[in-house]
Amino acid sequence: MIAYLEHFVHENDSDAMLQQEDEETASRLCQAMDLQGTIDYRSTGYAGKDFGGLHASTPFAVIRPSGTHDIASVIRFASQSPNLTVAARGNGHSINGQAMANRGLVLDMKESSDAGIDLIRYTDGYAVDVGGGALWEDVLRWCVSEFGYSPRSWTDYLGLTVGGTLSNAGVSGQTFRYGPQTSNVTELEVVTGNGDTVICSDTQNSELFFSVLGGLGQFGIITRARVLVQPAPDMVRWIRVVYSEFDEFTQDAESLITQSEGESFDYVEGFVFVNSDDPVNGWPSVLLHPDHAFDPTPMTRFDNPVLYCLEVALHYNKGNCSTTVDTRVEKLLGRLRFMEDTQFQVDLTYVDFLLRVKEAEKQAKANGIWDTPHPWLNLFVSKTSIMDFDRFVFKKILKDGIGGPMLVYPILRSKWDERASIVLPEGEIFYIVALLRFTNPYQKSPSVRDLVSQNQEIIQTCVRSGFDFKLYLPHYNTEDDWKQHFGDRWLWFVEMKSRYDPMAILAPGQKIFTRHDESC
């Protein structure tokens, strides 16, 4: 078998040699891997790119597995080679090549999701079993239409796979109440780097369960997840209000997320925008609907370079009296200190609210900016550092905007299960900062290189200033940087790697570990 593999895979093989392979080769490889799915070693270009558009690689082959059996077979096959690696690719929304495998095997996980979703009843609630390759937008539609239930915790954009977000964290405006998506699963089916298929939970194979959650794909590939659900509301009132002062914005946001359920909104986020009429970065970005009347006068009274928008939402059902909803909203907003005459709101269905970024995706594709590079930067910043972050980053480095949203909103640490692999800043309250840059080739704008350099400037500012922060969706190129990122959890992380993926076959694009050859 080793000689057979070396005929096809060798570090010094030329791209020309790969192009000369024929369908017979694919057939032989399928037989060697015992695949029920398909393998493609020619049309692999899409698997060598991602949403970030900052990195590119050439995989040896793309495999579309038919299910868990194929995934395990591919990993065992790779373990018998001297240098093959395996990367699980969901919907391709990584930013820095994390789901790539240069000259390795890429698993197209979108093809591995089994049809249908099962509803599971517990003594204290319900959950659904979903495939690791299922898109969250499909999970949403299926759960609501078939069961009238919905997962509790989401991401803003739902065109992501279940396994992909659970391998990171999965955060959005519901995280303050229910925790990230990783805190809302009770059981996983995982194929480890040893090629073993394992069922795990907090009581069964718990070390694997918690290491895989937020584990950046280093210990196993998630093929099934049992996700907690609750009754889905019919409607959402979506509201935005504007602040001139960051301290008032943060104090109000923190007040909302620390209230008990029923005493606050169901969703709390926020973002920073430029104090100008720039249609992308400025005042117009606050509007929820193009038909909304907009008077910028309240915002022109301040000479602040940036302003702050608090974004909240309240769930309700169609049977609720509109007056009751109005009263609840007025009561909750009455506690806040936003600028007068800067309240914008719209009512829409629960499903449409959760799919709100899908509309932005359609517009971005129509404008030709969806497929351009996206040098995004995501950080967790502690409450103790967020005021200085605003002073040095939002008000100085980013005072002219980034060509996309600059999200900032608080999260409660106690809602996270710290047995998972995710590392967080200190303190009960910390903020997610998401700089979601879009580059527009049709307008004069900074180069991608300049934007990446600005990201590095932000990170260095955080380091020099002694901010308590962690990268979310981290990307580093050296072991020392990864050690710094994980801190006192690094040795545990290494130990879990040696236990569940000792040859470092999985997720090479993360650049945490280097593939070992133990095939001889």
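Analyst: A polar contact is a pair of N or O atoms within 3.5 Å, and within protein one atom must be able to donate a hydrogen and the other to accept it. The model is a predicted one.

User: Which side chains does aspartate 156 join through polar contacts, and at what distance does the contact with arginine 356 lie?

Analyst: Aspartate 156 sits in the loop between strand 7 (149-151) and helix 6 (162-166). Its side chain and that of serine 172 are joined by a polar contact of 2.6 Å. The other partner is the side chain of arginine 356, and that polar contact has a distance of 2.9 Å.

User: Is aspartate 156 buried or exposed?

Analyst: Beyond four places in sequence, the residues in contact with aspartate 156 include Tyr267, Glu269, Leu354 and Leu407. Its relative accessibility is 18%, and the cut-off for the buried class is under 20% relative accessible area. Aspartate 156 therefore counts as buried.

User: Where is glutamine 174 found, and what is its relative accessible area?

Analyst: Glutamine 174 belongs to the loop between helix 6 and helix 7 (175-178). Setting aside neighbours within four places in sequence, glutamine 174 is in contact with Arg152, Ser153, Trp154, Gly179, Asp266, Tyr267 and Leu354. It is classed as buried because its relative accessible area is 4%.

User: How are helix 14 and helix 15 oriented to each other?

Analyst: Helix 14 (residues 383-397) packs with helix 15 (residues 448-464) at an angle of about 160°, and their axes are 10 Å apart. Since angles over 145 degrees fall in that class, the two helices are roughly antiparallel.

User: Which residues meet where helix 14 packs with helix 15, and how many of them are nonpolar?

Analyst: From helix 14 come Phe389, Phe392, Val393 and Ile397, and these meet Gln454, Glu457, Ile458, Thr461 and Cys462 of helix 15. Sorted by class, this contact has one charged residue and two polar ones, while the nonpolar residues number six.

User: How is helix 9 oriented to helix 14, and what is the handedness of their crossing?

Analyst: The axes of helix 9 (residues 246-257) and helix 14 come within 11 Å and cross at roughly 140°. That angle makes helix 9 oblique to helix 14. The handedness of the crossing of helix 9 and helix 14 is right-handed.

User: How many charged residues does the contact of helix 9 with helix 14 have?

Analyst: Helix 9 contributes Phe246, Asp247, Thr250 and Glu254, and helix 14 contributes Lys383, Ile386, Met387, Asp390 and Lys395. By class, three of the residues in this contact are nonpolar and one is polar, and the number that are charged is five.

User: What is the separation of the C-alpha atoms of glycine 52 and glycine 92?

Analyst: Glycine 52 lies in the loop between strand 1 (38-40) and strand 2 (61-64), and it is buried, as its relative accessible area is 0%. Not counting residues up to four places away in sequence, glycine 52 touches Ser94, Ile95, Pro373, His374 and Pro375. Glycine 92 is 40 residues apart from glycine 52 along the chain, and their C-alpha atoms are separated by 9.0 Å.

Technical notes. Residues numbered from 1 in each chain as written. Predicted model: local features only at pLDDT ≥ 70, side-chain atom pairs only at ≥ 80, totals over all residues. Heavy atoms only, no water. Helix = DSSP H or I, 4+ residues; strand = E, 2+ residues; numbered from the N terminus. Buried < 20%, exposed > 50% of the residue type's maximum accessible area, 1.4 Å probe, protein only. Contact = heavy atoms within 4.5 Å. Axes fitted to C-alpha atoms, helices over the stretch in contact; angles between N-to-C directions. Parallel < 35°, antiparallel > 145°, perpendicular 65-115°, else oblique. Nonpolar A, V, L, I, M, F, W, Y, C, P; charged D, E, K, R; others polar. Left-handed = near helix turned anticlockwise from the far one by under 90°.
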